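Welcome, and please open your viewer with the selection tool ready. We will go from stop to stop, picking something to select each time and then looking at what is there.

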Amino acid sequence: MAAPDCIFCKIVAGEIPAEVVYEDVCCLAFRDINPQAPTHILVIPRKHVTGLGDLEGAEASLLGNMLAAAAQVADEAGLTEPGYRVVINWNADGGMEVPHLHLHVLGGRKMSWPPG
Ligand code: AMP
Ligand code: ZN
């Protein structure tokens, strides 16, 4: 289930610290260590899945749980009314750094478009 040397699997296992703001049977959410907005939270599945471009079969259903968790986390952070952004990066051109599927929940400032 966990991948060796995966930092997000280590966070799920409690082996490295994180500021966890939400958890359920499927997902965990914690604050990004290098925030790009006043609120920057990562939502990850407990199960190790590399990322969006690698999803297989039933793993795609994780995304529904993750998005529901992201909306709840954003609401609890007071972001529903002002608004927020949810992002998934995949591979080099997408800017993916950690190969364990995650959603970025960003808010607390006005987002620009197109993204950089
Ligand atoms: P990505 O570029 O989409 O793979 O995003 C990975 C994110 O994980 C980056 O925003 C990092 O700042 C964040 N990150 C890396 N290590 C940690 C950690 N130990 N705790 C919290 N966030 C982390
Ligand atoms: Zn992992």
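Start by selecting T39. Leaving out residues up to four places away in sequence, T39 touches R31, A77, L79, V105, L106 and G107. Keep in mind as you look around that this is a predicted model.

Is T39 buried or exposed? T39 is buried, because its relative accessible area is 12%, and buried here means under 20%. T39 belongs to strand β3, and its bridge partner in β5 is G107.

**Stop two: the whole of β3**

Now extend your selection to residues 39–45, which make up strand β3. How many of the 7 residues of β3 are buried? The count is 7 of 7, and the strand is mostly covered.

Show the side chains and turn the view until you can see both faces of the strand. T39, I41, V43 and P45 point one way, while H40, L42 and I44 point the other way. In a regular strand, side chains alternate between the two faces of the sheet. In β3, the residues on both sides are buried.

**Stop three: H40**

Pick H40, which also sits in strand β3. H40 is buried, since its relative accessible area is 5%, and the limit for buried is under 20%.

Which residues does H40 touch, not counting those up to four places away in sequence? They are F30, R31, D32, N34, P35, H104, V105 and L106. Try the distance tool on one of these: F30 and H40 are 10 residues apart in sequence, and their C-alpha atoms are 8.7 Å apart in space.

Next, look at the polar contacts of the H40 side chain. With the side chain of H104 it makes a polar contact at 2.8 Å. A polar atom of the H40 side chain also lies 3.0 Å from the backbone nitrogen of Q36.

**Stop four: the sheet around β3**

Switch to a cartoon view and find the strands beside β3. In what order do the 5 strands of the open sheet lie? The order is β1-β2-β3-β5-β4, with antiparallel pairing. At the edges stand β1 (20–23) and β4 (84–87); each has a single partner strand, so one side of each has no neighbour in the sheet. From one strand to the next, the twist averages 20°.

- Select E23 and you will find its bridge partner, L28, in β2.
- β2 and β3: this antiparallel pair has 5 bridges. F30 stands opposite L42 in β3, and R31 has I41 as its bridge partner there.
- β3 and β5: another 5 bridges join these two antiparallel strands.
- β5 and β4: strand β5 (residues 103–107) pairs with β4 in the antiparallel sense over 4 bridges. Select V86 to see its bridge partner in β5, V105.

Select residues 62–76, which form helix α2. Which strands does α2 lie across? The helix lies across β1, β2, β3, β4 and β5, and runs at about 155° to β3.

Now look at the angles at the metal. For comparison, the ideal angle for four tetrahedral donors is 109.5 degrees.

Methods
Residues numbered from 1 in each chain as written. Chains lettered and ligands numbered in written order. Predicted model: local features only at pLDDT ≥ 70, side-chain atom pairs only at ≥ 80, totals over all residues. Heavy atoms only, no water. Buried < 20%, exposed > 50% of the residue type's maximum accessible area, 1.4 Å probe, protein only. Contact = heavy atoms within 4.5 Å. Polar contact = N/O pair within 3.5 Å; in protein donor to acceptor, adjacent residues only side chain to side chain. Pairing = 2+ DSSP bridges. Axes fitted to C-alpha atoms, helices over the stretch in contact; angles between N-to-C directions.
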